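Subject: Structure for you to look at

Hello,

I am passing on a structure for you to open while you read this. My notes on what was found follow below it.

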Amino acid sequence: MLRIYLLQLWFNLSDPAVEEALYDSARAGLARIDLGREPAPDETTVCKFRHLLEKHKLGEALFKAVNRHCMSRASR
């Protein structure tokens with residue numbers, strides 16, 4: 001779910017749009033979802049997870065930490 005949340009932020013997708021994007025093989029790959037083994041989370045699940053992160057003020061901190069990590073790996 002965290003990968004889906006980050007995908008939503010990186011591509012500025014709404015909850016319904018991120019659900020739809022997960023059926024695109026490239027974006028499903030980024031989220032590491034194997035649609036042959038499990039269904040993509042629906043927009044309600046995505047929304048509830050996003051609201052949980054926002055309620056506890058974790059979304060922005062996680063997003064910044066992941067971006068820092070990605071930038072540090074890119075500079076190697």
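Helix α1 (residues 2–10) packs against helix α5 (residues 59–74) at an angle of about 85°, and their axes are 11 Å apart. Angles of 65 to 115 degrees count as roughly perpendicular, so α1 is roughly perpendicular to α5.

Which residues make the contact? From α1 they are L2, Y5, L6, L9 and W10, and from α5 they are G59, E60, L62, F63, V66 and N67. Sorted by class, this contact has eight nonpolar residues, two polar and one charged.

Next, the pockets. The largest pocket has a volume of about 200 Å³. Its lining consists of L2, R3, L6, L7, W10, L30, A31, R32 and V66. Helix α1 gives the most to this lining, with five residues. By class, the lining has seven nonpolar and two charged residues, and no polar ones.

Last, the confidence of the prediction. The chain has a mean pLDDT of 88, and 100% of its residues reach 70 or more. Among the elements of the chain, helix α4 (residues 43–55) has the highest mean pLDDT, at 93, while helix α3 (residues 25–30) has the lowest, at 78.

Regards

Terms used: Residues are numbered from 1 along each chain as its sequence is written. This is a predicted model: local features need pLDDT of at least 70, side-chain atom pairs count only at pLDDT 80 or more; totals for chains, interfaces and linings use all residues. Side-chain values use heavy atoms; hydrogens and water are left out. On a 1 Å grid over the protein atoms alone, a cavity is a set of points where a 1.4 Å probe fits but cannot get out, and a pocket is an open set with protein on both sides within 12 Å along at least five of seven lines; lining residues have an atom within 4 Å of a point. Grid points are joined across faces, edges and corners, and a volume is the space filled by probe spheres set on the points. Helices (H or I, at least four residues) and strands (E, at least two) are DSSP runs, numbered from the N terminus. Ala, Val, Leu, Ile, Met, Phe, Trp, Tyr, Cys and Pro count as nonpolar, Asp, Glu, Lys and Arg as charged, and the others, Gly among them, as polar. Axes are lines fitted to C-alpha atoms, for helices over the stretch in contact, and angles run from 0 to 180 degrees between N-to-C directions. Angles under 35 degrees count as roughly parallel, over 145 as roughly antiparallel, 65 to 115 as roughly perpendicular and the rest as oblique. Contact means heavy atoms within 4.5 Å. pLDDT is the predictor's confidence in each residue, from 0 to 100.
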